Amino acid sequence: MDNTSKISSYLSRESLGPWETYLVQIDRVEPYLDKALLPWVETLTRPKRSLIVDIPIRLDNGVIAHYEGYRVQHNLSRGPGKGGIRFHPEVTLTEVMALSAWMTIKNAVVNVPYGGAKGGIRVDPKKLSIEELERLTRRYASEINILIGPDKDIPAPDINTNEQVMAWFMDTYSVNQGKTTTGVVTGKPVSLGGSLGRHDATGRGVFICTVEAARHLDMAIAGARVSIQGFGNVGEAAARLFADAGAKVVAIQDETGSIHNQHGLDVRQVRQHRLATGSLAGAPDSETIASDQFWSCEVDILVAAALENQITEKNAPLIRARIIAEGANGPTTPAADLILQERNILVIPDVLANAGGVTVSYFEWVQDISAFFWSEDEINVRLDKIMRDAFAAVWEAAQSKNILMRTAAFVLGCERVLQARKLRGLYP
């Protein structure tokens, strides 16, 4: 497929960013799709709706500041849109488009009844006071109100957003509707209809998939060496679960730097140090290493849980791991994928590995709608089954077709989306 021939007029062909990565992934999966579905493939390369909004707020000093916000609904063939909201100074429309598309595939891979959506605001939240952040969230919620709703599009937390942001978002929507509507977002505080088990869900999904991959490779988790890129919600939870299973977390990297201990880091102490100081540097029983040195650490498992485009042609040849689990969305570029394939490194793709978060978000949404809530043990048991079943289906497709796990996951997800699209037909 000539990707540039299918670029929407509002995009720059020279700066497609992560959207280009997604288009390449669709290009690579197309030869393996059911031929009866091929007439519908272009559906996947065009988002259903893209909304760009201006978000004016009054800062604490009285100045009126304007921020750019987005909400993209990529595909709604299988159900309402589902996807997070990130606050980041480098958020772009093409990034949000790609993230929404990966949500479409991800939801289909684990077979939850959602389409894909994503949102974001181009802002550095660290430069805002808590009052300014609340005003920003509420205005953004009001601006995208025309797209969202518990049966239309259900946002969730992402980078630099959390339970509190979701609480403000839910309250704003509810005020505008004239009634409390807890199901409009997921990832809320438990006291406002949030689900037990949601905080660790994405990291737990990464852990479950990696355990399954290790089993197929006859690798024991106990004693395995693990490196973690990204020490936010996903990376920290995954690191903690690996450590609790007897693995040695030997290296951690985030935006503040990289640390290493060949005998294993105390993940909980590192977290406390990070919270207290704002940096990984100086964490107990650790040595600081250069950022590029992180990639060459000798490990069995690498968890990529930061941002997109982290594993590239430059550092892929340096990686010394048997398994890479993608806790972030789009952390590996297409060129790096080929290098990792040549080096026989198993990559558990993002649309499978990090689907634990949206799976428990689905549980939260179901609980909100039914007003009946489950225990954390029940949540974890249900999550474990869905993730293991999804991994098994992707692994089987990869083995039977002799293709990469990423391609296999896309085959499974794309065919489910396109089958729904084909059955629904075109209107008018």
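Which side chains meet in a salt bridge with an N to O distance of 2.7 Å? They are those of lysine 188 and aspartate 368. A salt bridge here is a side-chain nitrogen of Lys or Arg within 4 Å of a carboxyl oxygen of Asp or Glu. This pair links distant parts of the chain, with lysine 188 in the loop between α4 (163-177) and α5 (201-216) and aspartate 368 in helix α11 (residues 356-370), 180 residues apart. Both residues are buried, where buried means under 20% relative accessible area, exposed over 50%, and partly exposed in between (1.4 Å probe, protein chains only).

The model is predicted, so local features need pLDDT of at least 70 and side-chain atom pairs count only at pLDDT 80 or more, while totals for chains, interfaces and linings use all residues. Residues are numbered from 1 along each chain as its sequence is written, and side-chain values use heavy atoms, with hydrogens and water left out.

The structure holds 29 salt bridges. In another of them, arginine 268 meets aspartate 244 at 3.0 Å, N to O. Arginine 268 lies in helix α7 (residues 267-277) and aspartate 244 in helix α6 (residues 233-244), so the pair ties together parts that are 24 residues apart in sequence. Helices (H or I, at least four residues) and strands (E, at least two) are DSSP runs, numbered from the N terminus. Arginine 268 is partly exposed, with a relative accessible area of 42%.

A further salt bridge joins the side chains of arginine 320 and glutamate 298 (2.9 Å, N to O). Arginine 320 sits in the loop between β10 (301-304) and β11 (323-326), and glutamate 298 in the loop between α8 (291-295) and β10, so the bridge ties together parts 22 residues apart in sequence. Arginine 320 is partly exposed at 42% relative accessibility, and glutamate 298 is partly exposed at 44%. Salt bridges that share partners also join Arg86, Glu95, Lys118, Asp158 and Glu308 into one network.

Next comes the sheet. Strands of a sheet pair through backbone hydrogen bonds, either parallel or antiparallel. Here, two strands pair if DSSP finds at least two bridges between them. An open sheet of 7 strands has the order β9-β8-β7-β6-β10-β11-β12, with mixed pairing. Strands β9 (287-289) and β12 (346-348) stand at the edges with a single partner strand each, so one side of each has no neighbour in the sheet.

Within this sheet, β6 (residues 225-229) and β7 (residues 248-254) run parallel and are joined by 5 bridges. Valine 226 has valine 249 in β7 as its bridge partner, and serine 227 has alanine 251 in β7. Strand β7 is mostly covered, with 6 of its 7 residues buried.

A cavity is a set of points on a 1 Å grid over the protein atoms alone where a 1.4 Å probe fits but cannot get out, and lining residues have an atom within 4 Å of a point. A search of the whole structure finds 1 cavity of 30 Å³ or more. About 40 Å³ of space lies in the largest cavity, a volume being the space filled by probe spheres set on the points, which are joined across faces, edges and corners.

Technical notes:
On a 1 Å grid over the protein atoms alone, a cavity is a set of points where a 1.4 Å probe fits but cannot get out, and a pocket is an open set with protein on both sides within 12 Å along at least five of seven lines; lining residues have an atom within 4 Å of a point.
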